[in-house]
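Subject: Structure handover

Hello,

Here is the structure for your files. Please open it alongside this email. My notes follow below it.

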Amino acid sequence: MALWTRRSWMTLAALGGFLAVAIGAFAAHGVTDPKAAEWLKTGSMYGFMHAMATFACATFMQIGARRARFAPAFFLSGVLLFSGSLYAMALGAPRWLGAVTPIGGLCFLVGWAILAWAARGVDPA
């Protein structure tokens, strides 16, 4: 059995969505520093958005766009790097960690490009 199955990606996406909502709520109700709250909200928004994109990949695969199976790795790596670095800085990590954030953004872009490529494999009818 392969480690990275559609079930694995969907499970990670669901956990990512859960985490994004929890962190967004923490940002809204548990943080007094405005900059930290902003970082948490931004990380949460991108994390949730890319959890949903990972679910979209599962749908793409179901309708025949097999290349979509490559995108979740980039979406979820992007969440880890982009959102994770923002979360860490909001919780007191050094600001130089912000240099990691754009690498996560690049992962998001690659994932979306892969999804566009995968869409070319869907029946046009």
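Which residues form a nonpolar patch on the surface? They are Leu3, Trp4, Leu12 and Leu15. Together they have about 440 Å² of accessible area. Leucine 12 is found in helix H1, which covers residues 6–29. Its relative accessible area is 34%, so leucine 12 counts as partly exposed. Please keep in mind that this is a predicted model.

Overall layout

The chain has 125 residues, and 34% of them count as buried. It holds 4 helices and 0 strands. Read along the sequence, the pattern is α-α-α-α. The C-alpha trace spans about 50 × 30 × 25 Å along its principal axes.

The salt bridge

How many salt bridges does the structure hold? The count is 1. The partners are glutamate 38 and lysine 35, whose side chains meet at 4.0 Å, N to O. Side chains of opposite charge can pair when their charged atoms come close. Both residues sit in helix H2, residues 34–62. They are 3 residues apart there, so about one helical turn separates them. Glutamate 38 is partly exposed, with a relative accessible area of 43%. Lysine 35 is partly exposed too, at 35%.

Lysine 35 also gives a distance across the chain. Phenylalanine 108 is 73 residues from lysine 35 in sequence. In space, the two are 23 Å apart, C-alpha to C-alpha.

The cysteines

The structure holds 0 disulfides. The cut-off for a disulfide is a pair of sulfur atoms within 2.5 Å.

The cut-off matters here, because buried means under 20% relative accessible area.

The largest pocket

Rolling a probe the size of a water molecule over the atoms shows where empty space is left. The largest pocket has a volume of about 230 Å³. It is lined by 13 residues. Those closest to its centre are Gly16, Leu19, Leu76, Val79 and Leu80.

Which helices supply the lining of the largest pocket? H1, H2 and helix H3 (71–90) each supply at least two residues. H3 gives the most, with 6 residues.

Two valines

Valine 100 lies in the loop between H3 and helix H4, which covers 101–119. At 23% relative accessibility, valine 100 counts as partly exposed. Leucine 86 is 14 residues from valine 100 along the chain. Their C-alpha atoms are separated by 9.2 Å.

Where does valine 21 lie? It lies in helix H1. Is valine 21 buried or exposed? Valine 21 is exposed, with a relative accessible area of 54%. Exposed means over 50%, so valine 21 falls in that class. Valine 21 and alanine 119 are 98 residues apart in sequence. In space they are 29 Å apart, C-alpha to C-alpha.

To recap

- Surface: Leu3, Trp4, Leu12 and Leu15 form a nonpolar patch.
- Charge pairing: glutamate 38 and lysine 35 meet in a salt bridge.
- Cysteines: the structure holds 0 disulfides.
- Pocket: H3 gives the most to the lining of the largest pocket.
- Fold: 4 helices and 0 strands make up the count for the chain.

Best wishes

Technical notes:
Residues numbered from 1 in each chain as written. Predicted model: local features only at pLDDT ≥ 70, side-chain atom pairs only at ≥ 80, totals over all residues. Heavy atoms only, no water. Patch = residues over 30% accessible without salt bridge, like charges linked within 9 Å, V, L, I, M, F, W, Y side chains within 5 Å. Areas by Shrake-Rupley, 256 points an atom, 1.4 Å probe, with all protein chains shown as cover. Buried < 20%, exposed > 50% of the residue type's maximum accessible area, 1.4 Å probe, protein only. 1 Å grid on protein atoms, 1.4 Å probe; cavity = no way out; pocket = protein on both sides within 12 Å on 5 of 7 lines; lining within 4 Å. Points joined across faces, edges and corners; volume = space filled by probe spheres on them.
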